[in-house]
Amino acid sequence: MVKDSFTLKRHRMVEEQIRARGIHDERLLAAMRDIPRHRFVPTILSTRAYDDGPLPIGESQTISQPYIVAEMTDALKLSGTEKVLEIGTGSGYQTAILRGLAREVVTVERLHLLQTSAEKTLRELGIEDVRFRIADGSLGIPDEAPFDRIIVTAAAPGVPPPLFAQLSNGGILVIPIGGRWEQNLLRVTKENGKERKEFLGGCRFVPLIGQYGFPD
């Protein structure tokens with residue numbers, strides 16, 4: 001059955017692409033085994049949903065490589081008690097992973113078509129209690145702040161000041177920083193109002209469009 005084929009691919013993805021590369025958080029691995037990634041890509045690409053790479057989802061956007069999703073989520077150090085802000089809903093796949101690991105998730109998307117599609121997919125999968133916003137993600141969501149964790153799934157030239165301001169003390173922000181074509185993935189911890197940055201590796205994301213991102 002196709003369903004069984006997808007399940008096998010998903011389990012193999014977790015073992016070969018994620019656990020083998022050093023991600024050992026069992027809650028995260030279980031979430032990635034459970035969430036049907038193929039539901040978040042265009043039907044024509046569903047057989048490639050568990051490949052080791054990103055895929056286009058329309059509107060010049062992508063669903064990130066499975067390992068990158070795992071790496072960024074792992075870097076958030078989620079225990080299940082956190083309020084999380086996601087910048088860049090995209091397909092909704094990262095949103096689904098976060099919802100299974102955090103207490104509360106607010107997700108922001110600039111493109112209405114993607115937000116509508118993601119919300120529909122999550123609803124069909126029975127994933128509820130996610131708050132969706134259409135907005136300039138580089139500005140965050142001030143009326144929902146503070147956030148214990150913030151994850152940005154698009155590249156910015158620097159840490160957007162509004163996002164850091166909306167992070168709680170001791171909170172963690174994971175974000176790709178750099179130019180439009182190549183970036184470094186950073187974990188930024190807020191310690192007594194100051195940034196402590198950790199380099200997690202090179203990466204390549206679509207640009208964050210907005211006031212504190214790149215021009216459209």
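Where is the place of Asp-129? Select Asp-129: this residue is in the loop between helix H5 (112–124) and S5. Helices (H or I, at least four residues) and strands (E, at least two) are DSSP runs, numbered from the N terminus. What you have open is a predicted model, in which local features need pLDDT of at least 70, side-chain atom pairs count only at pLDDT 80 or more, and totals for chains, interfaces and linings use all residues. Residues are numbered from 1 along each chain as its sequence is written, and side-chain values use heavy atoms, with hydrogens and water left out.

Asp-129 counts as exposed, at 59% relative accessibility. Here buried means under 20% relative accessible area, exposed over 50%, and partly exposed in between (1.4 Å probe, protein chains only).

Next, select Asn-192, in the loop between strand S8 (183–191) and strand S9 (194–203). Asn-192 is not a glycine either, and its phi is positive, near 55 degrees. With 70% relative accessibility, Asn-192 counts as exposed.

**The loop between S5 and S6**

Go to Glu-144, in the loop between strand S5 (130–134) and strand S6 (147–152). Glu-144 is buried, with a relative accessible area of 12%. Apart from neighbours within four places in sequence, Glu-144 is in contact with Lys-83, Val-106, Arg-131 and Arg-133; contact means heavy atoms within 4.5 Å.

Pro-146 is found in the loop between S5 and S6. Select Ala-145 together with Pro-146: the peptide bond from Ala-145 to Pro-146 is cis, with omega near 5 degrees.

**Aromatic pairs**

Rings of Phe, Tyr and Trp (its six-membered ring) pair if their centres lie within 6.5 Å; planes under 30 degrees apart count as stacked, over 60 as edge-to-face and the rest as tilted. The count by this rule is two aromatic pairs.

Show Phe-6 and Tyr-50, which form a tilted pair, 6.2 Å centre to centre with 55 degrees between the planes. Phe-6 is in helix H1 (residues 2–18) and Tyr-50 in the loop between helix H2 (26–34) and strand S1 (55–58), 44 residues apart. Both Phe-6 and Tyr-50 are buried.

Then show Phe-40 and Tyr-93. Their ring centres are 5.7 Å apart and their planes at 65 degrees, so the pair is edge-to-face. Phe-40 lies in the loop between H2 and S1 and Tyr-93 in helix H4 (residues 93–101), so the pair ties together parts that are 53 residues apart in sequence. Phe-40 and Tyr-93 are both buried.

**Charges over rings**

A charge sits over a ring if NZ of Lys or CZ of Arg is within 6 Å of the ring centre and within 35 degrees of the ring normal. Another case is Arg-21, with its charged end over the ring of Tyr-67, 5.3 Å from the ring centre.

**Helix H4**

Select H4, which is mostly covered: eight of its nine residues are buried. Among the buried ones are Tyr-93, Gln-94, Ile-97 and Leu-101.

**The whole protein**

Zoom out to see six helices and nine strands. The C-alpha atoms fill a box of roughly 55 × 35 × 35 Å along the principal axes. Buried residues make up 54% of the 216 residues.
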